[in-house]
Amino acid sequence: MTNDRWYMKLIVHLLLLIGVFISIFPFYWLIVMATNTTSEILQFPPRLTFGGELWTNINDVFDNINFFQALFNTIFVSTVTSIGVLFFCSLAGFAFAKFEFPGKNMLFVALLLTMMIPAQMSFVPSFLLIAQFGWVDSYKALIIPSLASAFGIFWIRQFCQESVPNDLLDAGRLDGCGMFRLYWNVALPTLRPALTFLGIFTFINVWNDYLWPLVTINDPQKYTLQVMLSQLNGVYDTDYAMIMAGTLMATLPLIILFIIFSRQFMAGVAEGAVKE
């Protein structure tokens, strides 16, 4: 049995190492391409070592697009949207989990059904709606339609059902707490792991969104990073090294964010899995 366990552990560790390699290699390859020239990227066999052209490629990015303006736009939109999602989704999830009201189950089923509809199918009606409001080519078009998500409400509702004891809410009611105070003072501190996961998840999704900003924003001064990086593609030729350098700079903030909040992120995922 001891030998069998040793072999099983060895196999598991080898599989984990292979998984880590597969996960890390695309990022390593991105750095390699960002540090080489386009001709070196296209050569065969491919070059797998770092080059010395990183700063040249970065300067080319700055010369061709307004990178820092796009970075500011992306940080602003991602941050405001994430804060809005945390507030509205946690409030709705808390209500679905701990309060009874007419049509609650029907509304929750309808909410789950919206998760099965591809986002692209709602682009045309959503665009027509924001056009009627006069939000086209403004930050409102990027932020307001994303301030609540079906997944976020579902996630908080599932987490809240087991993490927030009914006895604690009853004690709060005896102390004179209304619904909002129960949410703010009793539920939110308990939901911190779930909120951390949802906040990072939302921030990354908004940061990487390309299609919706492309459709709703026409002013280059309001472009997000993903749209701005698409402007690096030439009409007749493409400088892949410059594009990879821009992509690397757009990816680094997300990596830093994940490193800072990785412990809370994994805690939220683990606790959510246990609650499920």
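Helices named in these legends are DSSP runs of H or I that span at least four residues, and they are numbered from the N terminus.

**Figure 1. Gln161 in helix α8 of the predicted model.** The structure shown is a predicted model, and Gln161 belongs to its helix α8, which covers residues 150-163. When neighbours within four places in sequence are set aside, the contacts of Gln161 are with Ala97 and Lys98. A distance of 37 Å separates the C-alpha atom of Gln161 from that of Gln226, a residue 65 places away along the chain.

**Figure 2. Confidence along the chain.** Over the whole chain the mean pLDDT is 83, and 92% of the residues reach 70 or more. Among the elements, helix α4 (residues 67-98) has the highest mean pLDDT, 91, whereas helix α14 (residues 240-275) has the lowest, 73. Over residues 272-276 the pLDDT stays under 50; for this stretch the model has 7 contacts beyond four places in sequence.

**Figure 3. The largest pocket and its lining.** This pocket has a volume of about 1100 Å³. Its lining comprises 29 residues, of which Ala119, Pro145, Ser146, Ala148 and Ser149 are the closest to the centre. Two or more lining residues come from each of α4, α6 (123-133), α8 (150-163), α11 (192-208) and α12 (211-216). Helix α11 makes the greatest contribution to the lining of the largest pocket, with 5 residues. Sorted by class, that lining holds 18 nonpolar, 10 polar and 1 charged residues.

**Figure 4. The second largest pocket.** The space in this pocket amounts to about 210 Å³. Its lining is made up of Thr79, Ser82, Ile83, Leu86, Leu195, Thr196, Gly199, Ile200, Phe203, Leu257 and Phe261. Helices α4, α11 and α14 are the elements that each supply two or more of the lining residues. The largest share, 5 residues, is provided by α11. In the lining of the second largest pocket, 7 residues are nonpolar and 4 are polar, with no charged residue.

**Figure 5. Thr81 and its surroundings.** Thr81 lies in helix α4. Its relative accessible area is 0%, so Thr81 counts as buried, for which the limit is under 20%. Apart from neighbours within four places in sequence, the residues in contact with Thr81 are Leu142, Ile143, Ser146, Leu147, Thr202 and Val206. One of these, Ser146, is also among the residues closest to the centre of the largest pocket.

**Figure 6. The largest nonpolar core and a separate core.** The largest nonpolar core consists of 39 residues; Val61, Ile65, Phe67, Trp207, Leu225, Leu232 and Met244 have the most contacts inside it. The elements contributing two or more residues to this core are α1 (2-34), α3 (54-64), α4, α6, α7 (139-143), α11, α13 (225-230) and α14. Helix α14 gives the most to this core, with 10 residues. Leu232, neighbours within four places in sequence excepted, is in contact with Val61, Asn64, Ile65, Met242 and Ile243. Another core lies apart from the largest one and has 27 residues, including Phe96, Phe159, Leu182 and Phe197.

Key
Residues are numbered from 1 along each chain as its sequence is written. This is a predicted model: local features need pLDDT of at least 70, side-chain atom pairs count only at pLDDT 80 or more; totals for chains, interfaces and linings use all residues. Side-chain values use heavy atoms; hydrogens and water are left out. pLDDT is the predictor's confidence in each residue, from 0 to 100. Contact means heavy atoms within 4.5 Å. On a 1 Å grid over the protein atoms alone, a cavity is a set of points where a 1.4 Å probe fits but cannot get out, and a pocket is an open set with protein on both sides within 12 Å along at least five of seven lines; lining residues have an atom within 4 Å of a point. Grid points are joined across faces, edges and corners, and a volume is the space filled by probe spheres set on the points. Ala, Val, Leu, Ile, Met, Phe, Trp, Tyr, Cys and Pro count as nonpolar, Asp, Glu, Lys and Arg as charged, and the others, Gly among them, as polar. A nonpolar core is a set of buried Ala, Val, Leu, Ile, Met, Phe, Trp, Tyr and Cys residues joined through side-chain atoms within 4.5 Å. Buried means under 20% relative accessible area, exposed over 50%, partly exposed in between (1.4 Å probe, protein chains only).
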